[in-house]
Amino acid sequence: MWDLSGKYAIVGVGESERSKNSGTTPLHLALHAARNAINDAGLEAKDIDAFMSFSEHDSCTSHQLSTYLGVRPRYVKDIIGGGSSTELLIGDAISLIESGQANTVLIFRSMNGRSGMRMGGGGWSTDLLQAGIDGGSFIIPYGMGSPSQWFGMFATRHMHEAGITQEHLGHVCVSFYEHAQRNPKAMLHGKPLTMEHYMETPLLSYPFTKHDFCLETDEANAIIVTSAERAKDCKTKPVYIKGLVSREMHPNSHYWTDLSQVAADYVGERIYESAGIQPEDLDVASIYDCYSWVVLRQLEAYKIVPREEIGEFVAQGNLKMGGKLPTNTAGGMLSEGYTHGMNNVLEIVRQLRHEFKGTDRQVEDCKVGLCTGWLGPDGAGALILNN
């Protein structure tokens, strides 16, 4: 496997304001995030020569963003995609730099995910679901008409096999809500969650309560990737890309012979080889959390804990500050905001820079972090970063 450790780095991260109603366009949000990332890196807009984005037909284009920044880029790319697209485009950015097609790449995700097209709150028509889920016309008539119902079926099967209970899902939510209380920019800052309240909350779609769902927010995030050599000239401390599996795909669910498998299982086999480390070397994690159960399934897939120990692992508080693997320390998509996981990558970068040193938000002495992307049971990617 190609050794990329230490050759490329994330040198800038930024976001727009986060809200339920931005009152503006995805282009405006993207401009804010991009400018913040460029300032974070100590660069000028003209230093960016490649722009890439992902969306679900709900954003601006890379060409539009570069135009409004006053840049004539050497390369632009816009893909259709959700979870794991951040990891995928970081892999593409490395390829561009390695091949000499670009020097410094800005990747962004911008969306009015609450006031505009909502993924889980009515924005997905039946036609869109059938287009988004291969073979959707075969499963939607049987009640799987939303992402929560689709994921709920996988969750129910895995919970049965692994001995996971509703309370274990609650421990994921309570842990991430606790992190959000340390993050003033989190949507659910000031809204802590107790296990008692979680257990009293009605189910929306079994086995999920409203707390088990990711948020819907209006926001944009941006990441700047460049070579380690060029990173030396940037203002911030570089966070190096130590390992990467950009995206691994698995056949869609109705073609599977073993429904206990997910694409992340295959990524989990390769990511540590890519980085030259073991799971026990991780200090902090950002685990894709579109639903609480997805975190539990990835704890198994990434060999952080065996299947039979998942429930006890989270019940012991190991996702919290001071636990074995503090996870989604800004609150994650369950309680900070939702940009198909890019906000989780921003947080890992900031943790590895030790930006919160001296506060209760900083994971003490963290050096190595894992970011995971989850397109669904059929697609996943992962990134290991170090300082």
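**A walk through the predicted model**

Helix 1 gives the most to the lining of the second largest pocket: four residues. The model is a predicted one. Start, then, at this pocket.

The second largest pocket has a volume of about 290 Å³. Its lining counts 17 residues, and the closest to the pocket centre are Glu15, Ser16, Glu17, Arg18 and Asn36. Two elements, strand 1 (8–15) and helix 1 (26–41), each supply at least two residues of this lining. What classes of residue make up the lining of the second largest pocket? Eight are polar, five are charged and four are nonpolar.

Now move to lysine 235. This residue sits in a loop, with helix 9 (228–231) on one side and strand 8 (239–249) on the other. Is lysine 235 buried or exposed? Its relative accessible area is 60%. The cut-off for exposed is over 50%, so lysine 235 counts as exposed.

Leaving aside residues up to four places away in sequence, lysine 235 touches Asn39, Asp40, Ala41 and Gly42. With asparagine 39 there is a polar approach: a polar atom of the lysine 235 side chain lies 2.8 Å from the backbone oxygen of asparagine 39. In sequence, asparagine 221 and lysine 235 are 14 residues apart. In space, their C-alpha atoms are 19 Å apart.

Helix 11 comes next, spanning residues 292–301. How many of its ten residues are buried? Ten of the ten are, and the helix is mostly covered. The buried residues include Trp293, Val294, Val295, Leu296 and Leu299. In general, an α-helix has 3.6 residues a turn, so residues three or four places apart point the same way. Just after helix 11, the backbone of lysine 303 has a positive phi of about 60 degrees.

Last, the cysteines. A disulfide is a covalent bond between the sulfur atoms of two cysteines. How many disulfides does a search of the whole structure find? The search finds zero. Cysteine 214 is in no disulfide, and its nearest cysteine sulfur, that of cysteine 290, is 6.0 Å away. Cysteine 60 has a relative accessible area of 6%. Buried means under 20%, so cysteine 60 is buried.

Terms used: Residues numbered from 1 in each chain as written. Predicted model: local features only at pLDDT ≥ 70, side-chain atom pairs only at ≥ 80, totals over all residues. Heavy atoms only, no water. Buried < 20%, exposed > 50% of the residue type's maximum accessible area, 1.4 Å probe, protein only. Contact = heavy atoms within 4.5 Å. Polar contact = N/O pair within 3.5 Å; in protein donor to acceptor, adjacent residues only side chain to side chain. Disulfide = S-S within 2.5 Å. 1 Å grid on protein atoms, 1.4 Å probe; cavity = no way out; pocket = protein on both sides within 12 Å on 5 of 7 lines; lining within 4 Å. Points joined across faces, edges and corners; volume = space filled by probe spheres on them. Nonpolar A, V, L, I, M, F, W, Y, C, P; charged D, E, K, R; others polar.
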